[in-house]
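Colleague: Could you walk me through this model, and tell me what each term rests on?

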Amino acid sequence: MPSAPDSSTSIGVVVQPDETSTTLEMIRMAEQAGAGTVWLTTGRLRPDALTIMAAASQFTTRIRMGTAVVPIWPRHPLALALQVDALESLAPGRIRLGLGPSTPAAMSPFGADFRRPLSHMREYLTCLRTLFREGRVDFRGEFVRAKGKLATPLPTEVLASALGQGAFRLCGEAADGAITWVCPPRYVKTTGLPALRSGASAADRVPPPVVLCVPTLVTQDIHELRRGAQQHIAPYRGFQYYREMFQKSGYPPGDEKLPSPLVDELVVHGSVSEVVARLSELATWSEVMVFPLTGGLSDRPGFERCLEAIGKAGGG
């Protein structure tokens, strides 16, 4: 079993506004608050996360920068490796690459032949991690074909998204970590972690860490909590993989309104001190990726309260 995470570096924050200038401002705020990692999303034709990370490298000095996640269908692994190579030269040792297959609907604008996503993910991970570790790769699979080399190997860890047991098992076998998204912690503990450890055991390796997405809102207003959860979490129940995950968590499909027990289990909320306590507890068994339900900086005081909690939970 992996050792307990270091709370000073294991609590990070998601930033995902649509405007690049706002994203950069939020990254600056996250570093000043003491967040361990700032996680950027890539999808829905948003501005490119890796390009934004390159810009942020020019004014940050400490915070790690990760993607949660880069969809694999639109990018060849060699092209992605060259982007990461450039980023590592700008922010050495601070880049974390999270990958995922995304969903058929999200990939339809790219004309992706979306099929057997776990098989594709396995090939992509194997190809990219081989290239990063050895500095060269010659891979010919069903989905991925790549032959090339870098000037030097790269230290970048390659993580992958995980919702179902198969994805957690794959992360245990072939990735440097598993990134969840709006998964109830109880589900991750009872379903995800055993599958990840099973995969790691089959590959004869130490289980990699889980990066737990934690929707968070520092508020004691129950109506504000319900509104934030409905706006930022409920849409995921429209996707097949998320519906299946929620059903296995004990929340079968229903109407469009999130059930109150799911909101209470999934969203960390309360006063700053209450949120700090809960984030600190979660950080004892996972790396925490706080997902603020504040709508970017549209609720700037709310985002600042989230950052305050992150800083205190991380020992800042």
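Modeller: Gladly! Let's begin with T180, in the loop between strand 9 (178–179) and helix 7 (185–202); helices (H or I, at least four residues) and strands (E, at least two) are DSSP runs, numbered from the N terminus. This is a predicted model, where local features need pLDDT of at least 70, side-chain atom pairs count only at pLDDT 80 or more, and totals for chains, interfaces and linings use all residues. Residues are numbered from 1 along each chain as its sequence is written, and side-chain values use heavy atoms, with hydrogens and water left out.

Colleague: Why is T180 called buried?

Modeller: Buried means under 20% relative accessible area, exposed over 50%, and partly exposed in between (1.4 Å probe, protein chains only). T180 has 1% relative accessibility, so T180 counts as buried.

Colleague: What makes the pair of T180 and C213 a polar contact?

Modeller: A polar contact is a pair of N or O atoms within 3.5 Å; within protein, one must be able to donate a hydrogen and the other to accept it, and residues adjacent in sequence count only if both atoms are side-chain atoms. Here a polar atom of the T180 side chain lies 2.9 Å from the backbone nitrogen of C213.

Colleague: How do you know that strand 5 and strand 8 pair?

Modeller: Two strands pair if DSSP finds at least two bridges between them. Strand 5 (residues 95–100) and strand 8 (residues 157–161) have 4 bridges, in the parallel sense. L99 has A160 in strand 8 as its bridge partner.
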